[in-house]
Amino acid sequence: MLTTAPRGTKDILPSEIENWRYVEAAMRRICAQFGYKEIRTPVFEHTELFKRGIGDTTDVVEKEMYTFTDRGERSITLRPENTASAVRAFCEHKMYAEPAPTKLFYIGPMFRYDRPQAGRYRQFHQFGIEALGVDSPAIDAEAILLAVTILKELGLKDLHLKINSVGCSKCRPQHRAKLQDYFRPHLEGMCNDCKSRFERNPLRLLDCKVPHDHELAAGAPSLEECLCDECREHFEGVKRLLTAAGVDFEVDNTLVRGLDYYTKTAFEIQYVPLGAQSAVCGGGRYDGLVKEIGGQDVSGIGFAMGMERILLALESQNLLPEHKDGIDAFIVCPNQANFEAAFKTAIALRQAGLKTEFDFLARSMKAQMKQAGRLNARFAVIFGDDELARGAVTLKNMAESTQTEIPVDDTVTILQTEVQKYE
């Protein structure tokens, strides 16, 4: 139907926009405090970027991407996440030549063919950060602290931070072998996705959501047992710094996240009151991603938050502020013979920085005053025949129901002064 948005998409109406702006403003403010600068990347990229960056064995690449062939016979994909795009921009524009770290943040729409549910859409919006060029566990701790700071600033208190180390290319082979030895006797009873990933990427077996396989994964060998000295030291550094910052966390050895590019630190923040779908933030380190897509061997870490899920959490806890939408002045002109003068005044008021509206439909005086009330106008400027004959208009204070006659030529100056009293 032409009058219905596609399934999994949602219009963000004017009545909701102020809530989005409120959340975005908090994110931008805190990013500035931490030294992160905004980047905006295209909403579509070459498909190969996501296949190489995210990983062929992930649900995102295998099942969820919106991919099409354009008129130039190129395979194009609507971005399902923004890390790969940000890293591509980092390489393309030689941002690695600047002093490290390169700190970026983004806010924008992403696209995944997923089952729509509360707070989850096929076109959804993410806020995220990327920090590139630093190997130290300090940048990991800072990224996690940034995420926690934003969520607490918005008023969310029942936060549960889970962290893990998913190792690196040195220690993963040993863990891979142990996982295959553990799952091999059970493989026949596992889901088809797990069967296909058993050889290609057994680490992804730990992330299966099928109840039987999820329970089985709980007893799988821990990657912590196999960590090399470098990964173990890095993870211990992250834990020490989080403790020093007063951030509570739980080490969850089954946490692997859903994308293949993660190395070493992986983390997830859950907001407990949301119930089963409680994750509001997830991220981790991706030391091999820049090189994988053709750049230099530069390390990185980042995270993403689903904007819709954040707003759902804030709404469920009554944490969104009350927004008083209104205008400064409404021009009331019941006699259309006077409309040209009224129109010129409206233009002058807008040029002076005042939010001003007027009636387009030549309605009655009563109807126009009602419209002024509906728009929460602070003042009504009434162009009556008798007043205009005296070179004046009536200025009505809508909240106080008081009115006075003022010179029409002084309308802008007087109204500016009156509006300032309310600011």
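Contact here means heavy atoms within 4.5 Å. The model is a predicted one, so to speak for the record: local features need pLDDT of at least 70, side-chain atom pairs count only at pLDDT 80 or more, and totals for chains, interfaces and linings use all residues. Residues are numbered from 1 along each chain as its sequence is written, and side-chain values use heavy atoms, with hydrogens and water left out.Helix α13 covers residues 365–374; helices (H or I, at least four residues) and strands (E, at least two) are DSSP runs, numbered from the N terminus. Its buried residues are Gln368, Met369, Gln371 and Ala372, where buried means under 20% relative accessible area, exposed over 50% and partly exposed in between, with a 1.4 Å probe and protein chains only. Seen down the axis of α13, these residues fall within an arc of 155 degrees, so they line one face of the helix; the arc is that of the directions from the helix axis to the C-beta atoms. What sits over that face includes β12 (327–332), β14 (377–382) and β15 (392–397). Lys366 and Arg374, on the other side of α13, are exposed. After the helix comes Asn376, with a positive phi near 55 degrees.

Gln368 turns up again in the lining of the largest cavity, alongside Ile331, Cys333, Gln336, Phe339, Ala342, Phe358 and Asp359. A cavity is a set of points, on a 1 Å grid over the protein atoms alone, where a 1.4 Å probe fits but cannot get out, and lining residues have an atom within 4 Å of a point. The lining splits into five nonpolar residues, two polar and one charged. Ala, Val, Leu, Ile, Met, Phe, Trp, Tyr, Cys and Pro count as nonpolar, Asp, Glu, Lys and Arg as charged, and the others, Gly among them, as polar.

Then there is the open sheet, with eight strands in the order β1-β5-β6-β11-β10-β9-β7-β8 and mixed pairing. Two strands pair if DSSP finds at least two bridges between them. The edges are β1 and β8 (250–251), each pairing on one side only. Strand β5 (residues 102–111) is mostly covered, with nine of its 10 residues buried. On one pairing, β5 meets β1 (residues 37–38) in the parallel sense over two bridges: Lys37 stands opposite Leu104, and Glu38 has Phe105 as its bridge partner. With β6 (residues 123–132), β5 runs antiparallel over 10 bridges, Met110 being partnered by Phe124.

Key:
On a 1 Å grid over the protein atoms alone, a cavity is a set of points where a 1.4 Å probe fits but cannot get out, and a pocket is an open set with protein on both sides within 12 Å along at least five of seven lines; lining residues have an atom within 4 Å of a point.
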